[in-house]
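Colleague: I'm new to this one. Could you walk me through it, one question at a time?

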Amino acid sequence: MAQRLRLEQRNNEMLKNYNRFVSTERLTVHNIPPHFTDKDLRDVVMKYTSHKPMECRVMRDSRPSFGNPLGKSRGYGFLSFKRHEIALEVLRKLNNNPNVFGKTHRPIISFSIEDLKVHNIKKQRLEKSRLNNPTYQKKLEELKKKKQQSHSWRNSEALGLETLF
């Protein structure tokens with residue numbers, strides 16, 4: 001309970017900054033056991049909710065330590081999903097569930113607090129990457145053709161209706 005209270009107070013402080021917002025598709029998972037990896041967390045989520053996260057990351061120290069070549073776990077991680085409804089369902093099924101990590105490590109799950117500037121930079125980077133991808137260019141062209149065809153069909157249908165009246 002004390003850890004939940006600390007996290008809630010920290011979140012309230014972070015939200016006082018107007019550049020921060022609560023994400024609708026990304027979850028923060030706290031109280032993760034130290035031996036958990038990204039794959040372990042993904043497997044647990046899929047086992048208890050049957051939803052596959054788009055992103056599943058356990059945050060670790062950057063330096064490897066003895067016994068942890070990936071670095072020591074910081075005890076929290078992130079999950080992201082395609083839709084808000086899925087993220088909400090995962091939150092409801094996993095939050096404070098003693099079966100997930102064991103009775104000593106109940107997960108504390110909440111919607112992630114994101115920085116608007118960082119979020120916009122990620123969006124720009126993704127869009128730039130997509131524009132440099134030739135297969136994405138083909139998809140864009142196909143979508144434009146479909147839109148043009150539907151617009152021309154609507155316009156011709158509208159003209160046909162006008163002549164009837």
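This is a predicted model: local features need pLDDT of at least 70, side-chain atom pairs count only at pLDDT 80 or more; totals for chains, interfaces and linings use all residues.

Colleague: Then where does Asn31 sit, and what is its phi near?
Modeller: Asn31 is in the loop between strand S1 (20–30) and H2. Most residues other than glycine have a negative phi. Asn31 has a positive value instead, with phi near 70 degrees.

Colleague: Is Asn31 buried or exposed?
Modeller: The cut-off for buried is under 20% relative accessible area. Asn31 has a relative accessible area of 19%, so Asn31 is buried.

Colleague: And Ser50, buried or exposed?
Modeller: Ser50 lies in the loop between H2 and strand S2 (55–60). Ser50 also has a positive phi, near 60 degrees. Exposed means over 50%. Because Ser50 has a relative accessible area of 62%, Ser50 is exposed.

Colleague: How confident is the predictor, and which element has the highest mean pLDDT?
Modeller: The average pLDDT over the chain is 85, and 92% of the residues score at least 70. Among the elements, the lowest mean belongs to helix H6 (residues 134–164), at 73. The highest, 94, belongs to helix H3 (residues 84–94).

Colleague: What does the UniProt annotation cover, and how far apart are the end C-alpha atoms of that span?
Modeller: The unreviewed UniProt entry carries the annotation "domain: RRM" for residues 25–96. In the model, that span is 32% helix and 28% strand. The end C-alpha atoms of residues 25–96 lie apart by 19 Å.

Colleague: How many cavities of 30 Å³ or more does a search find, and which helix gives the most to the lining of the largest cavity?
Modeller: A search of the whole structure turns up one cavity of 30 Å³ or more, and the largest cavity holds about 30 Å³ of space. Helix H2 (38–49) and helix H4 (98–101) each supply at least two residues of the lining. With three residues, the one that gives the most is H2.

Colleague: Which residue forms a salt bridge with Arg26?
Modeller: The closest N and O atoms of that pair are 3.1 Å apart, and the partner is Glu55. Arg26 lies in strand S1 and Glu55 in strand S2, so the pair ties together parts that are 29 residues apart in sequence. Arg26 counts as buried at 13% relative accessibility. At 17% relative accessibility, the other buried residue is Glu55.

Colleague: Which residues are linked with Arg26 and Glu55 in a network of salt bridges?
Modeller: The network contains Arg26 and Glu55.

Colleague: Last one: which residue does Asp61 meet in a salt bridge?
Modeller: The side chain of Asp61 meets its partner at 3.1 Å, N to O, and that partner is Arg74. The pair links distant parts of the chain, 13 residues apart, with Asp61 in the loop between S2 and strand S3 (73–80) and Arg74 in strand S3. Asp61 is partly exposed, with a relative accessible area of 31%. Also partly exposed, with a relative accessible area of 48%, is Arg74.

Note on methods
Residues are numbered from 1 along each chain as its sequence is written. Side-chain values use heavy atoms; hydrogens and water are left out. On a 1 Å grid over the protein atoms alone, a cavity is a set of points where a 1.4 Å probe fits but cannot get out, and a pocket is an open set with protein on both sides within 12 Å along at least five of seven lines; lining residues have an atom within 4 Å of a point. Grid points are joined across faces, edges and corners, and a volume is the space filled by probe spheres set on the points. Helices (H or I, at least four residues) and strands (E, at least two) are DSSP runs, numbered from the N terminus. UniProt positions are given in the numbering used here, feature names are shortened, and annotations may be inferred rather than shown by experiment. pLDDT is the predictor's confidence in each residue, from 0 to 100. Buried means under 20% relative accessible area, exposed over 50%, partly exposed in between (1.4 Å probe, protein chains only). A salt bridge is a side-chain nitrogen of Lys or Arg within 4 Å of a carboxyl oxygen of Asp or Glu.
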